Every structure is written in C-alpha cells, then in structure tokens.
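I opened the notebook to look up a few things in this model. My notes follow the order in which I looked.

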Amino acid sequence: MVSRPKAVPKAKPRTKPAARTRARAKAPPPPFSAEAFVSTVGAGRTNANCKPRSYIFRQGARCEALFYVRKGQVELSVVSKEGKERVVGMVGPGSFIGEGCLAGHPLYLASARALTDAAVVRVEAATMIQAIQDHPEMAKLFIAHLLQRNDQIESDLIDQLFNSSEKRLARLLIMLSQVGTQANLKTVVAPISQETMAARVGTTRSRINYFMNKFRKLGLIEYNGELKVHSSLLNVILRE
C-alpha cells in the first residue's frame, strides 16, 4: 500500500506593506494646541528674532499679518502728521500685536519696535482667521488677549484723564517692574529712557527727571546702572 504524502499547510499571507501603511495613516492627528500654533513656524507662519530698537512693523506699512510675541518687550508708538511721536503701549511675551489686520485695516496704525532682544512669530491674517474658525481653543486664546488689551486701554485712559503725571509715572514703573503688594524690590527688565517715559506718561522729560529724583530720594526706586522699583511706590498711586 502506497502512503500518500502529507499535505503541507498553507502559510498565512503576510500583511502587505501598503496595508500596514494604510493602518498607520488612520491614527488620529495630535490634538490642536493654540500655544503651539502661535509659537511655531508652519503654513502661513514664520519666525523672526529682533534686536533692541529694531522695528517689527512700521506705521503706514501694509497690514497683512499679526505677530505673536514669544520673548522680549515690544513698544507700540504712533507718529502724528506733524512728526510728534507718542508711545501708546508696551507689551511682553504672550501678546499679539498688529491684530488690526483681522478687522480689515489696510495699513498698520502704529509702529512696533523691540525694546529688548525679542522673538516673534508672524501669522498671516488668512491663516489666523482660519485657525480661529476651526479651533475653539484658538478663539479662546485670542479673545482673552483682546479682553486684556481692552482693559489695559481703559485703565490707560482713566489714568490720563484723572491722575497727575506723577501718579501716571508711578503706575508705569509698577507695570514695567511687575512689582506686587509684598515688600520687595523688582528690576525693570526692559531698558527704558526718560524720553520714552515722557512719551508714555504724556509729559516732558524734565518733569520725568524731577519725579524720578523724588522717588529715588524717598527710597521708592533705585537706579545704579539698572532701574529697580520698590513695592512701596504703590502708595503714590493710592494716595489722594
């Protein structure tokens, strides 16, 4: 009797590389991060490093993008038709500047200049609008910025209308140093000249010099190569 050869079991078909590639492609994309979006480069986003006193954009230039400040301090200023310049704001990390492009402004209404070494991300207007429409987290971050900016503008307006130039200077120094209510001494990180202080406060340089000397004699500030502000300067603002 002739024995029949045993049947050899069929090998299981191997997964084709294309099938494995399709399986990997179905993995969900990483969650959207608003902070990462405005802090990194990509489609419609470019990074720029700015040296002190260099312009990020100038008043009157085409307003096609906004900028997110990642590092450093930035000064916003406006020049009148007569050539008179006024500082209208100072912002730091986490702030947007040039956001008027989202409202359809054809030109920048102010100039932005770095006070210190700064790093910014330029975001094209169309790219930012799309991100706000597609991602609630992006809309939330931008709305929070607008609310904070609006509160700052209202506070500045009240300061200009009702406070003396001495109180306005004290408030500016407190903002620059971010000093709190606890008894301590904070250094103003961004260098600022008395001319810039005068433009920001809305007075003359001689008046700024007078008040700075007064604050120093009272022990409210120190100035020896770098400006330091004591929390007791708050009493100047609170004083009637």
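**Whole chain.** I am working with a predicted model. I looked up the secondary structure and found eight helices and eleven strands. The chain has 240 residues, and 37% of them are buried. I then checked the contacts between residues at least 6 apart in sequence: 74% of these join residues at least 24 apart. The accessible surface is about 15,400 Å². Carbon and sulfur atoms hold 56% of that surface.

**Helix α3.** I turned to α3, residues 125-134. Which of its residues are buried? I noted Ala125, Thr127, Met128 and Ala131. These lie on the same side of α3, because they cover an arc of only 165° around the axis. I recalled the helix rule here: an α-helix has 3.6 residues a turn, so residues three or four places apart point the same way. Next I looked at the face turned away from the buried side of α3, and there I found the exposed residues Ala126 and Gln133.

What do the buried residues of α3 pack against? I listed two helices, α2 (34-39) and α4 (136-162). I also listed the strands β3 (65-71), β6 (96-97) and β8 (118-124).

**Threonine 116.** I found threonine 116 in the loop between β7 (111-114) and β8. Is threonine 116 buried or exposed? Its relative accessible area is 14%, under the 20% cut-off, so I logged threonine 116 as buried. Last, I followed its side chain, which reaches the backbone nitrogen of glutamine 73 at 3.1 Å.

Key
Residues numbered from 1 in each chain as written. Predicted model: local features only at pLDDT ≥ 70, side-chain atom pairs only at ≥ 80, totals over all residues. Heavy atoms only, no water. Buried < 20%, exposed > 50% of the residue type's maximum accessible area, 1.4 Å probe, protein only. Helix = DSSP H or I, 4+ residues; strand = E, 2+ residues; numbered from the N terminus. Arc of directions from axis to C-beta. Contact = heavy atoms within 4.5 Å. Areas by Shrake-Rupley, 256 points an atom, 1.4 Å probe, with all protein chains shown as cover. Polar contact = N/O pair within 3.5 Å; in protein donor to acceptor, adjacent residues only side chain to side chain.
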